[in-house]
Amino acid sequence: MPQFDAILFDFDGVLADSEPIHFACWKEILAPLGVALDWEFYRDRCIGLADGDMLRLFAQRCDPPRGWEDLMARYPEKKDLFRSRMLHDPPFAPGLPGILERLHEGYKLAVVTSSGRTEVEPVLEAAGLRPFFDALVCGREAGSLKPAPEPYLLAAKLLGSVCPLVVEDSEPGLASGMAAGFETLAVSSPETLGEALFGRLQ
Ligand SMILES: [Mg+2]
């Protein structure tokens, strides 16, 4: 018997190398508001945070000072820019289709992400990867965001899974999987996903 009956993937930073694109879009959209962002700050403090919490952090770096609501008002613009860049050049590792094809033979697969469905599903479809996933849980579809357990609990329920493996790149994401009571695998980048995953599944 395999140890797991499903694999639940985070999207940003696990399936797609999308964090540099999120960062570039935020930087561009918020620069006119006086927000200075650098990659190290974004990478170390912001990845895995809900967008509202991240914008509160960004607001502390505004010069002149602004409320985070001013930044939130630019969210639709950032979303559109991100979506068009992702669709134009989806940042999936070249080996990802082969990895998913191999896994799909033995496991149910789902994507569990705090990003909105409109940011994720069209990109998976454009890359021909959507058919590998039996379910997507996006944004607040489970009622709460990571690090709450609900997103992973809902994905397991949709798949009828009792012992899934959660694959994550961020602390809030790993905390969400653990709070759901599931085994977790931390990966450092989409490029190392296959190696980390097949090492764990052996
Ligand atoms: Mg992530």
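Trainee: Which residues in helix 5 meet which residues in helix 7?

Mentor: This is a predicted model. In it, Lys79, Phe82, Arg83, Met86 and Leu87 are the residues of helix 5 that meet helix 7. From helix 7 come Thr118, Glu119, Pro122, Val123 and Ala126. By type, the contact has six nonpolar, three charged and one polar residue.

Trainee: At what angle do helix 5 and helix 7 pack, and how far apart are their axes?

Mentor: Helix 5 covers residues 75–88, and its angle with helix 7 is about 10°. The two axes are 9 Å apart. Angles under 35 degrees count as roughly parallel, and helix 5 and helix 7 are therefore roughly parallel to each other.

Trainee: What is the strand order of the sheet?

Mentor: The order is 3-2-1-4-5 in an open sheet of five strands, with parallel pairing. An edge strand pairs on one side only; here the edges are strand 3 (135–138) and strand 5 (183–186). Neighbouring strands are turned by 20° against each other on average, with direction ignored.

Trainee: Over how many bridges do strand 4 and strand 5 pair?

Mentor: Four bridges link strand 5 to strand 4 (residues 164–168), in the parallel sense. As one example of a bridge, Val166 has Thr184 in strand 5 as its partner.

Trainee: Which strands does helix 7 touch?

Mentor: Helix 7, residues 117–126, packs on the sheet and touches strand 2 (108–113) and strand 3. Its direction makes about 150° with that of strand 3.

Key: Residues are numbered from 1 along each chain as its sequence is written. This is a predicted model: local features need pLDDT of at least 70, side-chain atom pairs count only at pLDDT 80 or more; totals for chains, interfaces and linings use all residues. Two strands pair if DSSP finds at least two bridges between them. Helices (H or I, at least four residues) and strands (E, at least two) are DSSP runs, numbered from the N terminus. Axes are lines fitted to C-alpha atoms, for helices over the stretch in contact, and angles run from 0 to 180 degrees between N-to-C directions. Two residues are in contact if their C-beta atoms, placed from the backbone, lie within 7 Å. Angles under 35 degrees count as roughly parallel, over 145 as roughly antiparallel, 65 to 115 as roughly perpendicular and the rest as oblique. Ala, Val, Leu, Ile, Met, Phe, Trp, Tyr, Cys and Pro count as nonpolar, Asp, Glu, Lys and Arg as charged, and the others, Gly among them, as polar.
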